[in-house]
Structure formats: structure tokens, C-alpha cells
Amino acid sequence: MLAYVTRGEHPYYMRDQHEQFAVHGAKTRTVSGSVAAIRELAIHPSRPDDTPVRRVWRSLSRLACGVDYDSDCIEIDLLLDDGAQPPELFSWPRR
């Protein structure tokens with residue numbers, strides 16, 4: 001299931017694996033397509049010498065099996081099959 005959500009100004013698509021978006025009112029939809037690109041966010045933590053944290057996106061040719069990726073660390077470009085419709089935008093309520 002795919003959800004299209006926003007919190008602030010930047011909307012993004014996210015896999016609704018455990019219905020965490022649907023429970024809050026987001027419309028979800030099952031879609032099919034082809035993966036065009038995969039990017040992983042490599043985080044290089046600060047060092048004792050106070051070198052700042054670096055975040056670098058790197059391209060991957062595939063995802064390793066058995067690795068549990070955080071949703072914040074992977075971006076996938078998905079080319080939807082003909083006729084596939086993405087879900088409508090859902091805005092998270094502000095607290």
C-alpha cells in the first residue's frame with residue numbers, strides 16, 4: 001500500500017506497511033510499477049574533534065535481502081504501470 005503524505009511543505013509517498021497512515025485517515029492504494037532508482041542516506045556521525053554530521057545520498061543497484069531499513073534512509077523512484085493511480089494527498093494534523 002502506498003500513501004501520499006505531507007507534514008509541512010514537502011509531500012512524499014510512503015509505504016503504508018502497517019496501516020499507520022490509513023488509521024489516521026490517509027487514503028492508501030496498492031500500485032504496481034518498476035523501480036527506476038534507489039538511493040540510501042549514508043549518515044556519517046560527528047567525530048570527537050567536532051566534525052559535523054554529514055548526510056550523503058548514494059545510489060544503489062538493489063536493496064540487500066534481510067536488511068531492515070528505516071523509512072528515513074531509503075528513497076525509491078517508482079515508475080507506475082499504465083493506468084495506476086497514486087493515492088490523494090493527506091496532510092498530517094498539526095499538534
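The questions and answers below go through a predicted model of one protein chain.

Colleague: Which pattern does the protein chain follow along the sequence?
Modeller: Helices (H or I, at least four residues) and strands (E, at least two) are DSSP runs, numbered from the N terminus. The chain has zero helices and seven strands. Read along the sequence, the pattern is β-β-β-β-β-β-β.

Colleague: What percentage of the residues of the protein chain count as buried?
Modeller: Buried means under 20% relative accessible area, exposed means over 50%, and partly exposed is in between (1.4 Å probe, protein chains only). Of the 95 residues of the chain, the share that counts as buried is 18%.

Colleague: Which residues make up the largest nonpolar core?
Modeller: In soluble globular proteins, nonpolar side chains tend to be buried together. A nonpolar core is a set of buried Ala, Val, Leu, Ile, Met, Phe, Trp, Tyr and Cys residues joined through side-chain atoms within 4.5 Å. Here the largest one has seven residues: Ala3, Val5, Met14, Phe21, Ala26, Phe90 and Trp92.

Colleague: Leaving aside neighbours within four places in sequence, which residues is Phe21 in contact with?
Modeller: Contact means heavy atoms within 4.5 Å. Phe21 belongs to the largest nonpolar core. With those neighbours left aside, its contacts are Ala3, Val5, Met14, Arg15, Asp16, Ala26 and Trp92.

Colleague: Which residues form the aromatic pair?
Modeller: Rings of Phe, Tyr and Trp (its six-membered ring) pair if their centres lie within 6.5 Å; planes under 30 degrees apart count as stacked, over 60 as edge-to-face and the rest as tilted. A search of the whole structure finds one aromatic pair. At 4.2 Å centre to centre and 20° between the planes, the stacked pair is Tyr4 and Tyr13.

Colleague: Is Leu41 buried or exposed?
Modeller: Leu41 is found in strand β4, residues 33–44. Its C-alpha atom is separated by 6.4 Å from that of Arg55, 14 residues apart along the chain. With a relative accessible area of 14%, Leu41 is buried.

Colleague: Which residues are linked in a network of salt bridges?
Modeller: A salt bridge is a side-chain nitrogen of Lys or Arg within 4 Å of a carboxyl oxygen of Asp or Glu. Glu75 and Arg39 meet in one at 3.1 Å, N to O; because Glu75 lies in strand β6 (residues 74–80) and Arg39 in strand β4, the pair ties together parts 36 residues apart in sequence. Arg39 and Asp77 meet in another at 3.0 Å, N to O. The network therefore links Arg39, Glu75 and Asp77.

Colleague: Why does the pair of Arg58 and Glu40 tie together parts that are apart in sequence, and how many residues apart are they?
Modeller: The side chains of Arg58 and Glu40 meet in a salt bridge of 2.8 Å, N to O. Arg58 lies in strand β5 (residues 54–60) and Glu40 in strand β4, so the parts that the pair ties together are apart in sequence by 18 residues.

Definitions and conventions: Residues are numbered from 1 along each chain as its sequence is written. This is a predicted model: local features need pLDDT of at least 70, side-chain atom pairs count only at pLDDT 80 or more; totals for chains, interfaces and linings use all residues. Side-chain values use heavy atoms; hydrogens and water are left out.
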